[in-house]
Amino acid sequence: MSEELNIENKGTHKNHVSEMYQNWFLDYASYVILERAVPAGSDGLKPVQRRILHALKEMDDGRFNKVANVIGQTMQYHPHGDASIGEAIINIGQKDLLLDTQGNWGDVRTGDSAAAPRYIETRLSKFALEVAFNNKITEWQLSYDGRKNEPVFLPMKFPLLLAQGAEGIAVGLSTKILPHNFCELIDASIKYLKGKKFELFPDFLTGGMIDIAQYNDGKRGGKVRVRCHIEKNDNKVILIKDVPFGVTVPSLIESIVKANDSGKIKIKKVSDNTAAAVEIEIHLATGVTADQTIDALYAFTSCEVSISPNICVIVEDKPVFITATELLKLSTDQTKETLRLELELKLKELEDNWHYSSLEKIFIEKRIYRDIEEEETWEGVISAIDKGLTPYKKLFKRIITEEDIVRLTEIKIKRISKFDAFKANEHIRGLEKSIEETKHHLAHLVEYAIDYFENLLKKYGKGRERNTEIKVFDNIQIAEIAIANTKLYANWSEGFIGTSLKKDEFIFDCSDVDNIIAFTRDGKMKVFKVADKVFVGKDIIHAEIFKKADDRTTFNVIYSDGKTGISFAKRFNVTGITRDKEYDLTKGSPKSKILYFTSNANGESEVVSISLSAACKAKIKTFEFDFAELSIKGRSSMGNQVTKYPVKGIKQKYKGTSSLGGKKIWYDDVVGRLNTDEKGMYLGTFAEEDKIITLYSDGSYTLNNTELTNRFDADKVVMIEKFKPQAILSAVYYDADKKQFNAKRFKIETLTLNTKFQFIKEGEGNYLEWITSHVSPIVKIKTGKKKYLPSEEIINLEELVDVMGWKAIGTKLCEKDLLEISLVLDEEESKQRALF
């Protein structure tokens, strides 16, 4: 019996502990979510931030306070240590919105920490005082120890959470809200109140660039790509001018050094010149271009980071996941409701003031105070005043209470003796005007809220323009810009390829992110990633770096079918495959084998000499075969029959020309890159030796090859086209010194690649207005002032300006009042351009 009882007791204790654990864990999780990690949707603050702002408001006397004192004041409300409060104060101060700061508050760009709390000072900003506080409409609760009152929420009249951003990790969930631009948030609130559509995109104090293509309104699952600005100082030095959000200068430099050590980029040295502005100077290694290095920096270092937003806020004591648009609407509605409460409070105060001012005026003007001279009791005094006011009660908007009468008895004789009826009437009329105005605002609350936001923008918007540039980023193909930092070896007979086979034959350098394509004698093909050791198949005959979607590299093959003995020739591309899968290039018969194989980077054909077996019955034992006669098809094509007789040997007689023609190239002005995917403006067909000329708004030009890794400053490109050495360029530029527009015609005389040359007069304020390579540059110019009808003139630049050197100043075209310049085309040219 006792054993059974013990077993039952053990079971009871186990269940009790399990219930306690479950309850305590849920309590802990709820506490972390609601009280520490996740901000409230109503005022955009976490509890520690709210308590800091409340403590600062209590301390506010217009002067700065030591942060150490603020921490001590906040600890009356916050049940955690001084370290967490201090970190939260620094975090708020660095966002430069709610606090005015004094002293060394650190730097989010460099990662430098703030000075000790005893050395730095802060106070509430004017903006914070205007948007975050109103004790009369604030809901209060007891602090953790019951000694003080603290706000449940602050009456925030601004979308603070979207402006500052927030990040927190709770139990089972997290939040990451990216900061947005101050002015854009106010504009969005105004548009929402007006019933218009709006869009919100992140903006960071650290600057940089952002691609918002996948932002998804801040919803879970979205992401943004953030980059720093990188400039080419010259062909040997590039400069990083800012840092991506969440990245510091030291961590960025560390990622660059790490990428260099691992061979992903090649640099000589990196220097940190950061002072008031970020500047990281990178010196390039010999043989590496600036454009390649910039691509590599974005691909392999923290110069580009991906951030996944996750907007989670507390609404009605529960965590909810919402979008940036929904959060702004929630905040704007909250602001409108707060403004309504403030107006109602103001209206009540005005009406109470009007009520008492009117009572006082009648009490003194009608000398009702004399009615109490004969009264001996307090009740009698109250009754006498009430009786004296009876004829006038209908003039009041509410009943006269005993409390009102008591206030009248407290009026001093001195005030009665100096009473000015005119001033009293003016005061009452002013109150009546204010009451009508307040009632009008309540009746037109939306318009009032719009005016409120517009006033905020006017008072505090200056200097808070967007810092982060919104751009569409190009997708960098890592395999195309990766530096060959690995040596690849092959054991041809045994069929192995890898980086660890150092005793075998070295074949070429590659990068560790490359894919390799290899072919074996029995007609098999495989694509695989660079690794220590990969088995391809016995008797490897060729291997090279595989480029996906490469439709120019052409393989010329002659193979013998194992079943029939017939030899076939084929030309094919390999554009897309499944990695590590084996493909058969023959008809698939056993004992088939490749007799001849070449890889041709630009689709070159060739002529081969084929020798047949001496024992065969063919009359002609040696003949030529031209691969140019074959069409380029897919890898699975059977090919054309070459001979049905056994082949003794095949030798290349001579290499042919490319059967593909030149490479067609387009320029995408959105991302400033060249491409072969037909995106943007078609530049033409380019042979390997052809060049591209780019002319910029600052009056400079560069010559570049057709490498797709070249980068162009799309915002400054005025013209980009295929370079023709004999072409004459006609340009019009502004000369700020003489305040006139000059015209010049010149040929490009420099042939150095990737170097900027200034072809207009140097000077501050000078810029390129217009340029063309048209053979007959006849232009129409409009001059005058915009508000008046401009004058038009047709000018033949060939007759006006002689062809000069590229450094010549040129000839005056017109004064500074040039409004428009355009090329005059004949009818046929206009049709061709329209078709293009």
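## Strand pairs, a buried helix and local confidence

Lys66 stands opposite Glu121 in strand 3. The model described here is predicted.

**Strands 1 to 3.** Strand 1 (residues 65–66) and strand 3 (residues 121–124) run antiparallel and are joined by 2 bridges. Strand 3 also pairs with strand 2 (residues 99–102), again in the antiparallel sense, over 4 bridges. In that pairing, Leu99 faces Leu124 of strand 3.

Leu695 has Tyr701 of strand 38 as its bridge partner.

| Strand pair | Bridges | Facing residues |
|---|---|---|
| Strand 1 and strand 3 | 2 bridges | Lys66 and Glu121 |
| Strand 2 and strand 3 | 4 bridges | Leu99 and Leu124 |

**Helix 11.** This helix covers residues 378–389, 12 residues in total. At 1.5 Å a residue it should span 16 Å. Its end C-alpha atoms are 17 Å apart, which agrees. Its buried residues are Gly380, Val381, Ile382, Ala384, Ile385, Gly388 and Leu389. An α-helix has 3.6 residues a turn, so residues three or four places apart point the same way. What covers the buried residues of helix 11? Helix 10 (324–365) and helix 12 (402–409) are included in the cover.

**Thr783.** Thr783 belongs to strand 44 (residues 778–783). Is Thr783 buried or exposed? Its relative accessible area is 15%, so Thr783 is buried. Setting aside neighbours within four places in sequence, Thr783 is in contact with Pro790, Ser791, Cys814, Asp817, Leu818 and Leu819.

**Tyr645.** Tyr645 sits in the loop between strand 32 (640–643) and strand 33 (647–658). Its relative accessibility is 26%, so Tyr645 counts as partly exposed. Not counting residues up to four places away in sequence, Tyr645 touches Gly565, Leu612, Cys616, Lys617 and Ala618.

**Cysteines.** How many disulfides does the structure hold? The structure holds 0 disulfides. Cys183 has 14% relative accessibility, so Cys183 counts as buried. Cys312 is also buried, at 0% relative accessibility.

**Confidence.** The chain has an average pLDDT of 88, and 94% of the residues score at least 70. Among the elements of the chain, strand 19 (residues 496–498) has the highest mean pLDDT, 96. Helix 18 (residues 827–835) has the lowest, 45. Over residues 1–13 the pLDDT is below 50. Beyond near neighbours in sequence, that stretch has 0 contacts in the model. Residues 827–836 also stay under 50. For residues 827–836 the model has 5 contacts beyond four places in sequence. Where pLDDT is low, the predicted coordinates should not be read in detail.

Technical notes
Residues numbered from 1 in each chain as written. Predicted model: local features only at pLDDT ≥ 70, side-chain atom pairs only at ≥ 80, totals over all residues. Heavy atoms only, no water. Expected span 1.5 Å × (residues − 1). Buried < 20%, exposed > 50% of the residue type's maximum accessible area, 1.4 Å probe, protein only. Contact = heavy atoms within 4.5 Å. Pairing = 2+ DSSP bridges. Disulfide = S-S within 2.5 Å. pLDDT = per-residue confidence, 0-100.
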